[in-house]
Amino acid sequence: MREEIAVFSGSAHPELAAEICAQLDVPLLPVRTSRFANDCLEVQLQANCRERDVFLIQPLVPPVQENLVELLLMLDAARGASAARTTVVLPHYAYARSDKKDAPRISIGARLVADLLVSAGADRVLAMTLHSPQVHGFFSVPVDHLHALRELANYFKRYDLTDTVVVSPDLGNAKEAAAFARMLGTPVAAGAKQRFSDDRVKISAVIGDVVDRHVIVLDDEIAKGSTVIELMDHLRDQKVRSIRLACTHGLFSSDALDRLSQQDGVLEIVCTNTVPIPAEKQVPKLKVLSVAPALAEAMRRIHNGESVSALFA
């Protein structure tokens, strides 16, 4: 690793940033964030950035707006400090869900926030499991889009996957579920979902054979868990033997983890550490996998001008 790299973290997930820096064998450089009496934030990058390759690590997790503004200020500080290039490492892009106009006079937050990041000084973005493929195209700078399927697949390969099927909660995630199923050598199925509001969904059917099978439900993120709970009702109607839940972004708002772990037939809930999960929320059935090695390797390749897509070969 050349010495010109400089890695900073916002306050959203410093534990992940520290783990990434340990993988890269570079220091996590200090950032000072302060708040004025009028509630405005100020950010100072407390290490030299001049002509350095700067990486800013900040998932957009609750409080999303606070963390977004902090990231924008970090970008502005890096640009003002004459960084040679600034890459935003975005393990979770919360606004990616706002990716289309599905009601009159509605905002498309994914595009707007992408524009804000670029305007603030982002030269490149490294993202993990965006909610939908089109979000990649909302950025006017290069985007390296990683996924956590390999980490999840390596974990589940420890089990006997005979009579196991991967199930996507909806058709929008079916392509990722199919890729995951190919990694595991299993069939794939999907739910036919209709969403009425943020926390109200209706799944009319499960497309594919799940009767008397072990099931791995794969989604990109789980927040309130309403979709997964609705899906599991249909799976139990079809007499599945067991259910394991898997996702990249374990947001688990409110009491979602407790409600999911108490569902009949659920053996395990597996997610990654793209977002922090407070210790008080964790349950015995939860397993958190680290994506720090994958993000660190992608950062190393970006810094050295190597192919990032080769990681998925």
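**Close-up 1. Arg 241 and its partner Asp 163.** In this predicted model, Arg 241 is partly exposed, with a relative accessible area of 42%. Its side chain forms a salt bridge with Asp 163, and the closest N and O atoms of the two residues are 3.2 Å apart. The pair links distant parts of the chain, since Arg 241 sits in the loop between helix H6 (226–237) and strand E13 (242–250), while Asp 163 sits in the loop between helix H4 (149–156) and strand E9 (164–168), 78 residues apart. Asp 163 is also partly exposed, its relative accessible area being 35%.

**Close-up 2. Arg 85 and Asp 53.** These two side chains meet in a salt bridge, with 2.8 Å from N to O. The bridge links distant parts of the chain, for Arg 85 belongs to strand E6 (residues 85–90) and Asp 53 to strand E5 (residues 53–57), 32 residues apart. Arg 85 counts as partly exposed at 25% relative accessibility, whereas Asp 53 is buried, with a relative accessible area of 7%.

**Close-up 3. Arg 32 and Glu 42.** A salt bridge joins Arg 32 to Glu 42, whose closest N and O atoms are 3.2 Å apart. Because Arg 32 lies in strand E3 (residues 31–35) and Glu 42 in strand E4 (residues 41–45), the pair ties together parts that are 10 residues apart in sequence. Arg 32 is partly exposed, with a relative accessible area of 31%, and Glu 42 is partly exposed, with a relative accessible area of 31%.

**Close-up 4. A network of salt bridges.** Here Glu 297, Arg 300, Arg 301 and Glu 306 are linked in a network of salt bridges. For the model, the count comes to 18 salt bridges.

Definitions and conventions: Residues numbered from 1 in each chain as written. Predicted model: local features only at pLDDT ≥ 70, side-chain atom pairs only at ≥ 80, totals over all residues. Heavy atoms only, no water. Salt bridge = Lys/Arg side-chain N within 4 Å of Asp/Glu carboxyl O. Helix = DSSP H or I, 4+ residues; strand = E, 2+ residues; numbered from the N terminus. Buried < 20%, exposed > 50% of the residue type's maximum accessible area, 1.4 Å probe, protein only.
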